[in-house]
Structure formats: structure tokens, C-alpha cells
Amino acid sequence: MIGEAVKLLLRSRSAIAFTGAGISAESGVPTFRDPNGLWRNHKPEELATPEAFKRNPELVWDFYRWRMELIRKARPNDAHLALAELERMGIIRAVITQNVDDLHREAGTENLIELHGNIFRVKCTSCNYSEDLKKSGRLEEFLKGNGVPKCPNCGSQLRPDVVWFGEPLPKEALEKAFELASKADLVLVIGTSGVVYPAAYIPYIVKERGGRVIEINPKGSGITPIADLFIPLPAGKAMRGILDSIKKTVEGG
Ligand code: APR
Ligand code: ZN
């Protein structure tokens, strides 16, 4: 399986990666729908919809502060690091992610499209103020705070800059992702259940254009039926194997 993936990747001319929560599982970030996933222990309709925020913004902020605290302790794992290295080697053109955990950026991925936003960014519910808390250095202050933070520009409520259920995806990111998918000859699908749309269209767009689909997931997903190659392994193990073998091939000639 790893050998086959390496062959397909080295033969490709415009490969991309499409990732979900599973790629960050080995970094200690819970997924959403696995047995111990977030949506098994929390109600998404009470925590991740615009209506929930209107109803009880304190509860939503408590939940996001808890997730931010958990995620900021996490480090990129071998799968994130391998994708960044494959980009530097010119083998992967871009990473399209559903994750809001910033771990691809931390791993060094340059061409990153975040379809569902980023948990370390906030935006105003009224004006167009937004802030990257890591860049502004206010993350600590935010996490120590409680209640609903206010916009320094207009005083309205700030919310996490993530996509909630029932909300449209950021237009620019979605267009860029679809465009990359329509030009890709291979997509590496890592750690997604493939049930949330429109993100889950990405592998189908590549397939429809005659591109190849390689899936890495310990268990099957909504994408598995269209996968040309299915690797039932954890992302860290599979990507470490793929990167090591590609390096040997490239260096060994
Ligand atoms: N390596 C690879 N895949 C893994 C690993 C691992 N170590 N551990 C779990 N997985 C797989 C699971 O088998 C599952 O198919 O990761 C997938 C995680 O699926 P979900 O929890 O549904 O996460 P995701 O597909 O990213 O969810 C999509 O739903 O809740 C919304 O906006 C949120 O972006 C998210 C979207
Ligand atoms: Zn504002």
C-alpha cells in the first residue's frame, strides 16, 4: 500500500491533500464523530450554530475557550510534518483542511486553505473587525478571560472565526479549494469522515476530472467508495512511511 502510494505521488504533477480531524488525533485533538469525539459528548446544536450563539453566547465561549486551551497544547504530528516536507519537495501543491486547529500552519505548510476557519482567530458580529490571537499576542489574555469578549472597534460581541453548522464557508477559501481540486491529478485524503459538505466535494471533483484518490483512515469513510487506494492506517504511521520511502527514492535515484 505505502509503495503504491509513493509510486502514484511521484508520478503526479499536481497533487493536493485534503484533511480532517483524524490527522490531528495523534496530536491529542479529539475528532468529532469517533467514539470519544466532540459531538458524542457535546451537542453541536447548542454549541456550534449561529442560533446557539444568539441564545447563549457565554456557553459557546466557554466551549471554545476549552477547545482553544486543549488545542494550543497540541503539537503537529508526523502526518502534518510530512505534508509540509512534501510541499517543500514540490510533491504536494497545497493542503485543503477542514480543521480549525492551526496545526498545518504550525507544521510549516505554506499553501494552506482553511475551509472552516481557525479557532485562534476572532471576528466581530457587527463590524468587519477580526484578530489573529496568536499574531496579536492576546491569546493568553483571552483564555484567562470569561464571558463574551467585546470588539475593540465597535463594542459588539466577538465570536470565534470558525464556520458553524448552517453557515456558508468563506467564499474565497471555497473558490480557491475547488479551483485547486479541479486542476489536481491526485488528492491525498487524510482523516475525514467525508460527511460534511461542501468540503467533502473536494475528492469527488478530483475524481471527476480523472485524478486519483488515495485515502488514509484507520476505518472507512464516505470517501472510501471512490478511493483508488485505501490505506487503513493512522495518519502519522502512514505519512511517515510515505515520506521516508519518497526520500529514499529521490535521494537514492
Ligand atoms: N489517522 C487518520 N484518520 C483518523 C485517525 C488517525 N489517527 N483517527 C481517526 N481518524 C478518522 C476517523 O476514522 C474518521 O473517519 O478521522 C475521521 C474523523 O471524522 P470526523 O470526526 O467526522 O471529522 P471531520 O471529517 O474532520 O469532520 C468534518 O464536521 O464537525 C464538523 O466542522 C467540523 O470540520 C469538521 C467537519
Ligand atoms: Zn466590531
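Predicted model: local features only at pLDDT ≥ 70, side-chain atom pairs only at ≥ 80, totals over all residues.
## The largest pocket

How big is the largest pocket by volume? Its volume comes to about 910 Å³. Sort the lining by class and you get 28 nonpolar, 15 polar and seven charged residues. Two domains take part here: domain 1 (2-28 + 75-116 + 169-251) and domain 2 (35-73 + 119-162) each supply at least three residues to the lining.

## The second largest pocket

Next up is the second largest pocket, with a volume of about 430 Å³. It has 19 lining residues, and Glu114, Gly117, Arg121, Pro170 and Ala173 are the closest to its centre. Which elements give two or more residues to this lining? They are β3 (112-114), β4 (117-124), β6 (158-162) and α10 (171-183).

By class, this lining holds eight nonpolar, two polar and nine charged residues. And where does the pocket sit relative to the domains? It lies between domain 1 and domain 2, because both of them give residues to its lining.

## The zinc site

Now find the zinc ion (ligand 2). Four cysteines coordinate it through their SG atoms: Cys124, Cys127, Cys151 and Cys154, at 2.2 to 2.4 Å. What geometry does the site have? It is tetrahedral, with angles of 101 to 117 degrees among the four donor atoms. For reference, the ideal angle for four tetrahedral donors is 109.5 degrees.

Along the chain, the donors of the zinc ion follow the spacing C-x2-C-x23-C-x2-C. Take Cys127 and Cys154 as a pair: they are 27 residues apart and link distant parts of the chain. You'll find Cys127 in the loop between β4 and β5 (130-132), while Cys154 is in the loop between α9 (139-144) and β6.

## How open are those two cysteines?

Cys127 has a relative accessible area of 21%, so it counts as partly exposed. That is a value to check against the cut-off, since buried means under 20%. Cys154 has a relative accessible area of 40%, and it is partly exposed as well; to count as exposed, a residue would need over 50%.

Notes. Residues numbered from 1 in each chain as written. Chains lettered and ligands numbered in written order. Heavy atoms only, no water. 1 Å grid on protein atoms, 1.4 Å probe; cavity = no way out; pocket = protein on both sides within 12 Å on 5 of 7 lines; lining within 4 Å. Points joined across faces, edges and corners; volume = space filled by probe spheres on them. Nonpolar A, V, L, I, M, F, W, Y, C, P; charged D, E, K, R; others polar. Domains from an automatic or database assignment. Helix = DSSP H or I, 4+ residues; strand = E, 2+ residues; numbered from the N terminus. Donors = N, O, S within 2.8 Å, 3.2 Å for Na, K, Ca; no water. Tetrahedral: all angles 85-135°; square planar, octahedral: opposite > 155°, others 65-115°. Buried < 20%, exposed > 50% of the residue type's maximum accessible area, 1.4 Å probe, protein only.
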